[in-house]
Every structure is written in structure tokens, then in C-alpha cells.
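Visitor: I would like a guided look at this protein. Shall we begin with how its chain is put together?

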Amino acid sequence: MKKDLTKYRNIGIFAHVDAGKTTTTERILKLTGKIHKLGEVHEGAATTDFMEQEQERGITIQSAATSCFWKDHQFNIIDTPGHVDFTIEVYRSLKVLDGGIGVFCGSGGVEPQSETNWRYANESKVARIIYVNKLDRTGANFYNVVKQVEEILAAKPLVMVLPIGIETEFKGVVDLLTRKAWIWDDSGDPEKYVIEDVPEDMKEDVEMYREQLIETAVEQDDNLMEKYLEGEEISIDEIKSCIRKGTMNLSFFPTYCGSSFKNKGVQLVLDAVVDYLPAPNEVPPQPIVDLEGNETGEFAKVDPDESLKALAFKIMDDRYGALTFTRIYSGVLEKGMTVLNTATGKTERIGRLVEMHANNREEIDRAQAGDIVAIIGMKNVQTGHTLCDPDHPATLEPMVFPDPVISIAIKPKQKGSNEKMALALSKMVQEDPSFYVETDQESGETIIKGMGELHLDIKVDILKRTHGVEVEVGKPQVAYRESITKVVNDSYTHKKQSGGAGQFARIDYTIEPGEPGSGFQFESKVTGGNVPREYWPAVNKGFESSIDKGVLAGFPCVDLKVTLTDGAFHPVDSSAIAYEIAARAAYRQSLPKASPQLLEPIMNVDVFTPEDHVGDVIGDLNRRRGMIKNQNTTPMGVRIKAEAPLSEMFGYIGDLRTMTSGRGQFSMEFSHYAPCPKNVAEEVIKEVKERELAAAK
């Protein structure tokens, strides 16, 4: 049976930390009849925040997908986190949404993280409605927030309702289209409201804002505009169709207000989702790409009759096993079906399908284009993988995740918890594609890498709470490299005679710096069989296995070329192993002669700051050995693009917030390796030597 796609809304709720998006989701679920008793975030009992960390910190870390119904429409709601280190979660949620609700705090207004999320949503071209929450709070001002949306976000809010009363006096809202006042009583029951005429003292404002609303809306339709200019009355349905069109092409954003906590104003937002946000078949279809990620010119049409194309956008581990949250773009997904994962080239069988309601679930047998469901028990699927019909392979545009920039060493506090920790970490890596784990070969330490200090902080927290593994955490570390700057011609002879078979190998070689980014290269120019051809790979292997450890401080050596020029061999005593040993010793002998240098990772830093703090921010970046590349003034503030060494950027977010009174933000990603200044290099080498001494003791 085909579902009516026009009755679907896949929406996300996104906002700054503490603007009340989880509470808003709670209210929506309550109104749509999904929960009977409301959970409060500040009591740590919200339905969608079911991780302990979320309940304790009162913030949402993981997005949770939930389905509910309103006026015979099915909403799939994705609750997204607001915190900067989890923007990856917001980003991947936006990827699978068709529309969104941007929640702003009535007193806090437009805060930095709302800007980042808004920018992401603009880049993903997601239609949104705006909901100004917490109007019952001291200092709340709806009109101020509307002005901030215009000035800071450079967006056009289309005011749809006006608040009646403010702060403790906040009672309800006036719907401008119908000129009716919705007034709630103080019982806190969202169903207890009356609809009456507009209060006398608000009539003038209501008419003024209503006129602005209609003038903006009819710009979407030339015929209606003419009708309006000639003074004809325009019906509410005609206005609504204009608002729908303008919302979907991002000309403006219908703006509502209320207090989720006090249960006032949420119904109108739900009506707006039905009236103005797009159905899955009304948004531009997802492009299909080839294995390299280039667009093929084909699209995944939102239609159950097409072949299956679905995107796994989140993996979550819970008490029932791994859940793979999947957005189906075209075709049908059924229990027992075999699907192809284009990223791994393997097929898997769909065991169980569930529709999620926060952390409760309903088993279903099939889902189709437009649905968001969770699959239980997928083995090799990761975030961003495409699942499709094995007979019609197609890849949806994958998500791009930046490389980690910071690493810390961790070890379990209790002896014998190593295996438990390894198991927990492997689950966490599957859930979060921006989190990496590796083992340091030298020290045997476990190293975790991530997007920022808070990101790793939360990971350590999850290890402790969710998986019961307490760990000791080392200092944040930078991934340095080494390279050489001079050409060296050298020779090495390895010989060992001691009763029985001996070992003999002699090599003459040149070691020289390679092009940046070239890695390790090996070439043999030996003629006349002085080093027989079958031993060349052994020489190559000897050098290549040595470059993992540089001679300055033991960091990997990069961009190095070795040329074998000549040598000698013994018909009885020479062997592949003898040449490999010779090459290893040659590396240690010649590298110190080649003027080795230390390289440090340089980051592309993108800082956003209000205009009045630009001087401080640039001065601070210069002190951190940063190079300013350019700066752009936008309606929201100034964006400064710079390059700076990672080692100078620890703790930057705290300093930036202090400098910009909490409004600055930044993101950074790896750019390239560059030589360290001499004084910095000496400091790093000294530190490494001290660490080695301490470890030896």
C-alpha cells in the first residue's frame, strides 16, 4: 500500500544550547498524544534525552528520531544537539531533513551556536519556521529577537503571531491571519485554551503586522499581488499558499512565539509545520554520486516505485543492539530484504525494522520513500553509507567528516579492564565518525582522537558512565612529523662471520628530501648486478620500515627519497635479510647527516567574532603564531580566516569566549605540515626525551 507522501513532514528542531528545543520536542509529543506524562529537561527526565550524560548536563548530545501524528500528518522529528563540538550531529541530521524549526530563547535571542546551525541549514537549503520560546522568562522580548534574526542572521522573519502579555504576564498569542487570540489558562494544560477576539489595546499592532505579513506573502504570486494592490480582499487560503511557496524557496521564515515550558503557543507551530514546511516529495531530490563522490547527474527520486536508495545517517548502540537510523529516499525497505552497501560492496539482510519514539520502538514490516526508520542488527554499516537495491547500485552523496586534530592517551584505572575498554571504544567509533582510536606502537598506550577538547571530554565521560570503564587521561598531544633538508651520499656494509653461514651486504645510496606530500620513494640505479635484482625489495623494505621513527624525537619521517646507487654481494653469505639489516642501519647512520627538521601540523582556523572584538582576536591569533589569510565583514559580524599551528590552539575556545564575551566561535581543520621554528622544535624534542626517560624509569 502506498502512503500519501504529501502527509509526511521530516523535520528537525535545532537551536543554541538551552534555547529549549528538547522541551519543545516534549510538548509536541505530548500534544500529538505520544506521551501521557511530560518529562522535564531540568528534572533530567525528558523522553528524547535518554543518555545519562544528557540528563545530567541538561543538554542533548545525540539526536533522537521520533515519529508522531498531527491533523492526519505524520511528523518524523529529529532532535539535534546545540553544542559546538557536536555540530557534526546537527550537520548529519540536516542532511536527512526536509524542514526545520529554529528555536530561539525569548531573552537570550540569537546566540553564536544558533548562527552556526543557521549557517549549516542555509548551506543545506532547509526550509525553516522560527519559534521564539521562553516568553514567560524575565527579560523576554519577542520584538527584539525578531530584530536580531534580521540583523545577525541576515534572514527575513515573517511574523505570524503576536504575544499577549510578556514575562510573568504572558497569556497567549494572536494569530494574525485569522485575527483571533489564543489564550491559555494557568493550569499548564496545553489543551486548556480559549479562542476569542483580539484584545482592544492590541488591535492597532495586529492590523499593522497583518498588513506587513500579507504584503510580504503576495510577492510570491504576481496575480495575487495585483489583486491586493487593487484593494481586493485576499482569502486566507490564498495567503497560506503564498507563505508556503516563500517558506520553501527560503524567501522568508514564518515566525511564531510561545512558552514550551508553560505549554502556551505550541499548537500554532504544529499547524505551521503542516501548512508551510515541505513534504518529502517537495524538496530537491538527493544527487547520486560515483565511488569518487562526483555527481553523476542522476537523482534519487522520492517515489516508492523506484529502486531502493537509503542513507544511514546515524548509528546508535543501545540495550537491544546496534540501531542504524536510515532515511529512505526512494523505493521500499522491507523486513527480510537483502540490501547492498555501496561503501563496502557487501550485501546484508534486513532483520528487524522499527519506528522510533525516542527510546521506545514499534516493530514494522516495511517502510518507504520519505520514511525515517531504524534497522536493528546491521553489521558493517557506518554513518554516511548508502543502502540500495543490489540489482540497481547507486550511491547517495556521502557525508564528509573532518579529520581529528587533537589526541589524548588514556588507560584504564583498574588493571584488567583493557578488554572492556577496547570493546566500548569500538562501539563508540561506530557511533561517531569524527572519533578515532589507535594504539601507540611504542608505549602500547591507547590514543583517542577527536574534534576538540569538549568532544574528547564527553567521550571519556561516556566510557565511565555508559560502559563502566574509569580511565586516566594524559595531556593533549600534537601529531608532529620529521623530514630532512639536505642530500646525503653514503655507504654501509653489514657483515657477520661466526662459524657456519655468515651474512654480507654492502649498499651505496643517496638520501634526499622529497616533494612535500610525496611520502617515501625508493629507486634502484644499480647496474651490472653488483646488488642482484632480487635483493632490491629487501633494501626498500629496510628503509621503509625505518621511517616510522625519525632521529630527532621519534616522530614519523615524511617526504624522503632513497636511491640505491651501487653495492656488493657475496655468492654464499648474501641474503635478503642481510640487505634489509644493512638498509635499517644505513637509515640510522645517514639521517642525522641530512639536517633533519621537525614539522608541525598547521590548521585552517575560521574564527567568527562580533565587529567590536576584531582587534583583540587578530592580536591573539598573531601571538599564537597565526597568519591571517583574509577577513570578511558579514551582517552577522566578521569572519577571520587564518592558519595557525595546532600546538598553540589548545584551550582557544575558552580564550575566544572571554575576548568576545561569549559570542565568538571558531572551527579548525588540518591544512598541512610546516617546519617548526627552532625554539619550538627544541622544546618539543626536550619534552619527548624527558617523557622517554620517565617511561624508562
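Visitor: Among contacts between residues at least 6 apart in sequence, what share joins residues at least 24 apart?
Guide: This is a predicted model, where local features need pLDDT of at least 70, side-chain atom pairs count only at pLDDT 80 or more, and totals for chains, interfaces and linings use all residues. Residues are numbered from 1 along each chain as its sequence is written, and side-chain values use heavy atoms, with hydrogens and water left out. A contact means heavy atoms within 4.5 Å. Among contacts between residues at least 6 apart, the share joining residues at least 24 apart is 71%.

Visitor: How many helices and strands are there?
Guide: Both are DSSP runs, numbered from the N terminus: helices are H or I, at least four residues, and strands are E, at least two. The protein has 16 helices and 37 strands.

Visitor: What percentage of the residues is buried?
Guide: Buried means under 20% relative accessible area, exposed over 50%, and partly exposed in between, with a 1.4 Å probe and protein chains only. The protein has 697 residues, and the buried part is 53%.

Visitor: Which residues does Ile101 contact, leaving aside neighbours within four places in sequence?
Guide: Ile101 is one of the residues that touch the most other members of the largest core. Its contacts beyond those neighbours are Ile11, Gly12, Ile13, Phe14, Ile28, Ile129, Tyr131, Val269 and Val273.

Visitor: Which elements cover the buried residues of α12?
Guide: Helix α12 spans residues 536-546. Its buried residues are Trp536, Ala538, Val539, Gly542, Phe543 and Ser546. Their cover includes β31 (503-513), β32 (520-524), β33 (560-568) and α13 (576-590).

Visitor: The structure holds 11 aromatic pairs. Why is the pair of Trp118 and Phe253 called edge-to-face?
Guide: Rings of Phe, Tyr and Trp (its six-membered ring) pair if their centres lie within 6.5 Å; planes under 30 degrees apart count as stacked, over 60 as edge-to-face and the rest as tilted. The centres of Trp118 and Phe253 are 4.9 Å apart and their planes meet at 65°, so the pair is edge-to-face.

Visitor: Which residue has its charged end over the ring of Trp118?
Guide: A charge sits over a ring if NZ of Lys or CZ of Arg is within 6 Å of the ring centre and within 35 degrees of the ring normal. The charged end here lies 4.3 Å from the ring centre of Trp118, and belongs to Arg128.

Visitor: How many disulfides are there?
Guide: A disulfide is a pair of cysteine sulfur atoms within 2.5 Å. Cys242 is buried at 2% relative accessibility, and Cys257 at 1%. The disulfide count is 0.

Methods:
A nonpolar core is a set of buried Ala, Val, Leu, Ile, Met, Phe, Trp, Tyr and Cys residues joined through side-chain atoms within 4.5 Å.
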